[in-house]
Amino acid sequence: MTEAIPAYLCLLTMPLLYSISEGIAVGVIAYVVINLVCGKAKKITPLMYTLAVLFVCKYIFL
């Protein structure tokens, strides 16, 4: 479920927002957040943490 939910959110947001990059951003953020909540923090690579923080900053400062 920790991989299925972000994939579903990614597939759902791409056509709704008319943007592949926005869908990928939502998927990356959801993947990191869901794995942190489930206690699987060691599964996430430092690159994923960095991408998630950058995408969140993009939405905050946009």
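Two residues are said to touch, or to be in contact, when they have heavy atoms within 4.5 Å of each other. Keep in mind throughout that this is a predicted model.

Begin by selecting Thr 2, which sits in the segment before helix 1. Thr 2 counts as buried, because its relative accessibility is 10% and the cut-off for buried is under 20%. Leaving aside residues up to four places away in sequence, Thr 2 touches Tyr 31, Ile 34, Asn 35, Cys 38, Lys 40 and Lys 43.

Next, select residues 4-17, which form helix 1, together with residues 20-37, which form helix 2. Two packed helices are described by the angle between their axes and the distance between the axes. Here the angle is about 155° and the axes are 8 Å apart, so helix 1 runs roughly antiparallel to helix 2. The crossing of helix 1 and helix 2 is right-handed.

To see where they meet, colour the contact residues: helix 1 contributes Ile 5, Pro 6, Leu 9, Cys 10, Thr 13, Met 14 and Leu 17, while helix 2 contributes residues including Ile 20, Glu 22, Gly 23, Tyr 31 and Ile 34. The residues of this contact divide into 12 nonpolar, 3 polar and 1 charged.

Finally, select Glu 22, which lies in helix 2. Is Glu 22 buried or exposed? Glu 22 is buried, with a relative accessible area of 18%. Its side chain makes a polar contact with the side chain of Lys 58, at 2.9 Å. Not counting residues up to four places away in sequence, Glu 22 touches Thr 13, Leu 17, Lys 58 and Tyr 59.

How values were computed:
Residues are numbered from 1 along each chain as its sequence is written. This is a predicted model: local features need pLDDT of at least 70, side-chain atom pairs count only at pLDDT 80 or more; totals for chains, interfaces and linings use all residues. Side-chain values use heavy atoms; hydrogens and water are left out. Axes are lines fitted to C-alpha atoms, for helices over the stretch in contact, and angles run from 0 to 180 degrees between N-to-C directions. Helices (H or I, at least four residues) and strands (E, at least two) are DSSP runs, numbered from the N terminus. Angles under 35 degrees count as roughly parallel, over 145 as roughly antiparallel, 65 to 115 as roughly perpendicular and the rest as oblique. A crossing is left-handed if the near helix is turned anticlockwise from the far one by less than a right angle, and right-handed if clockwise. Ala, Val, Leu, Ile, Met, Phe, Trp, Tyr, Cys and Pro count as nonpolar, Asp, Glu, Lys and Arg as charged, and the others, Gly among them, as polar. Buried means under 20% relative accessible area, exposed over 50%, partly exposed in between (1.4 Å probe, protein chains only). A polar contact is a pair of N or O atoms within 3.5 Å; within protein, one must be able to donate a hydrogen and the other to accept it, and residues adjacent in sequence count only if both atoms are side-chain atoms.
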